[in-house]
Amino acid sequence: MTNIKTYNAISGKGLDYLSQHGYDINAQDSPKGILLRSQNLFDEVIPDTVRAVVRSGAGFNNIPVADLSKRGIVVFNTPGGNANAVKELTIASLILAARPVVGAIKFANQTRGGDVSLRTESNKGGYRGTELAGKTLGVIGLGNVGSKVANTALALDMDVIGYDPGLNANTAWRIDRHIVHARNVEEVLRRADYVTVHIPMEEKNDHFIDAGKLQLMKPEAALLNLSRGGIVDDHAAKAALDSDQLRMYITDFADDVLFDNPKVIITPHIGGSTIEAEDTSALMAAKELDEYLTSGNIINSVNYPDVNEPFTTNYRVGIIHENVPNMIGQISAFFGDNGINIEQLSNRAVGQYAYTLVAINDFTSAQQEHVKTALDEIPHVILTRRYQNPNMMIGD
Ligand SMILES: NC(=O)c1ccc[n+]([C@@H]2O[C@H](COP(=O)([O-])OP(=O)(O)OC[C@H]3O[C@@H](n4cnc5c(N)ncnc54)[C@H](O)[C@@H]3O)[C@@H](O)[C@H]2O)c1
Ligand SMILES: O=C(O)CC[C@@H](O)C(=O)O
């Protein structure tokens with residue numbers, strides 16, 4: 001059995017998959033993998049036995065990715081697994097920003113005694129809203145969530161303007177041609193009646209929406225943040241609301257500065273909290289973990305390149321290394337010098353790291369032992385793992 005440590009409430013779909021594939025998800029000692037949702041891993045000690053950390057979800061700012069990368073630990077997420085759930089809550093938030101539904105519900109509940117229908121009818125004037133149709137939605141970040149939100153807003157008869165300088169090809173294909181592509185974020189902020197942010201929390205996006213950007217927005221506009229606390233400077237947002245430079249702020253991330261403000265709606269980080277999204281994400285996470293631990297295939301990694309090849313030979317060696325010159329030369333020379341024939345070699349690099357997966361048929365026990373220790377001694381090699389087909393890990 002291979003031990004997997006889990007944090008948070010992971011859907012049974014993912015846990016059952018792991019249990020059925022030879023993993024012990026209850027034994028927390030010497031884990032080979034960690035499966036989590038929002039647990040802050042910066043506060044945890046990650047044992048040396050760990051080879052993979054999988055985030056069941058999209059955002060991975062709760063994981064010390066830079067440190068784990070130096071240790072040869074692959075970090076995965078489940079892109080798109082909960083995008084539809086976040087899209088739906090974003091659309092609900094748009095409606096809550098246009099219609100005073102929350103206040104109206106409270107009012108209706110308070111109208112007790114006497115002729116209830118008359119009392120509600122005569123006082124409902126205070127709960128008039130506006131329509132989304134014909135208004136402009138600005139979408140910042142057109143990835144898995146943002147692209148879905150943008151397309152759905154078109155179906156609500158909104159005009160949509162989007163901004164994403166790092167748009168990937170897969171997502172670009174999904175974006176409706178009627179969505180206007182802004183040249184810069186300022187253009188989105190100036191034109192939109194509603195602005196929704198769907199970007200990851202990383203250093204460059206810390207307080208991405210700050211006082212300066214809020215000033216560009218129309219005073220009657222509403223801002224939505226279902227991405228992460230910290231992407232919007234909440235103090236600046238409160239100041240903008242207080243000075244009527246912003247009409248409304250809806251966020252999925254509670255913050256002391258925002259409580260008890262009639263212009264703010266806070267939800268408790270429930271964007272991805274649907275049964276469907278939790279099941280889909282957990283199953284994706286479990287499969288990614290199993291695939292890496294048993295075959296060396298890397299799918300949806302956030303720190304190393306993806307390499308996903310059919311396992312058609314008897315053995316494989318996966319080598320995580322730095323992305324520096326002559327690594328492939330040294331690795332293939334090593335196999336040749338030790339009389340090991342390479343059937344196939346796949347190599348990909350991303351940023352400062354690279355991954356080389358070597359497929360082998362004839363591999364004696366002595367060669368396997370030697371590969372483990374000797375390959376790790378090549379400068380810039382971070383970690384080597386060996387795999388035996390069918391799906392039987394033989395090394396550590
Ligand atoms: N509330 C929730 O429960 C919940 C659920 C899922 C995701 N999220 C958050 O939403 C974020 C987005 O999710 P996703 O699945 O769409 O991720 P994604 O990786 O598919 O898309 C993010 C997009 O943002 C773009 N981007 C990054 N920085 C940008 C910037 N400064 N300006 C414009 N575009 C920028 C990227 O190029 C990318 O296309 C996640 O990182 C996560 O933090 C929250
Ligand atoms: O696990 C969750 O419920 C939150 C997930 C969400 O924040 C994400 O980034 O995917």
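## Overall layout

Helices here are DSSP runs of H or I with at least four residues, strands are E runs of at least two, and both are numbered from the N terminus. On that basis the chain has 13 helices and 17 strands. This is a predicted model, so local features need pLDDT of at least 70 and side-chain atom pairs count only at pLDDT 80 or more, while totals for chains, interfaces and linings use all residues. Residues are numbered from 1 along each chain as its sequence is written, and chains are lettered from A and ligands numbered from 1 in the order in which they are written.

Along its principal axes, the C-alpha trace spans about 90 × 45 × 35 Å. Of the 396 residues in the chain, 41% are buried (buried means 20 or more other C-beta atoms within 10 Å of the residue's own, exposed means 12 or fewer, partly exposed is in between, and C-beta atoms are placed from the backbone). Take the contacts with a separation of 6 or more: 62% of them link residues 24 or more positions apart. A contact here means two C-beta atoms, placed from the backbone, within 7 Å.

## Domains

UniProt, in an unreviewed entry, lists residues 316-389 as "domain: ACT". UniProt positions are given in the numbering used here, feature names are shortened, and annotations may be inferred rather than shown by experiment. Over residues 316-389 you get 31% helix and 43% strand, with the end C-alpha atoms 8 Å apart.

## Two cores

A nonpolar core is a set of buried Ala, Val, Leu, Ile, Met, Phe, Trp, Tyr and Cys residues joined through C-beta atoms within 7 Å. The largest one has 51 residues, and the members touching the most others are Leu35, Ala52, Val53, Val74, Val75, Ala285 and Leu289. Helix 11 (residues 275-295) supplies the largest share of this core, eight residues. Domain 1 and domain 3 each put in at least three residues.

Ala285 touches Gly14, Leu35, Val54, Ser56, Phe76 and Thr78, if you skip residues up to four places away in sequence.

## Around ligand 2

Arg37, Ser38, Gly57, Ala58, Gly59, Asn82, Gly272 and Ser273 surround ligand 2 (a residue is near a molecule if its C-beta atom, placed from the backbone, lies within 6 Å of it). By class, that shell has one nonpolar, six polar and one charged residues. For the classes, Ala, Val, Leu, Ile, Met, Phe, Trp, Tyr, Cys and Pro count as nonpolar, Asp, Glu, Lys and Arg as charged, and the others, Gly among them, as polar.

## Loop residues to look at

Most residues other than glycine have a negative phi. Asn326 has a positive one, near 70°, and sits in the loop between strand 13 (315-322) and helix 12 (327-337). Asn326 is exposed, with 9 other C-beta atoms within 10 Å. His380 also isn't a glycine, and its phi is positive at about 80°. Its loop runs between helix 13 (365-376) and strand 16 (381-388), and His380 counts as partly exposed because it has 13 C-beta neighbours inside 10 Å.

Asn205 is in the loop between strand 9 (194-197) and helix 9 (211-216). With 18 C-beta neighbours inside 10 Å, Asn205 is partly exposed. Leaving aside neighbours within four places in sequence, Asn205 is in contact with Ile199, Pro200 and Ile231.

Definitions and conventions. Domains from an automatic or database assignment.
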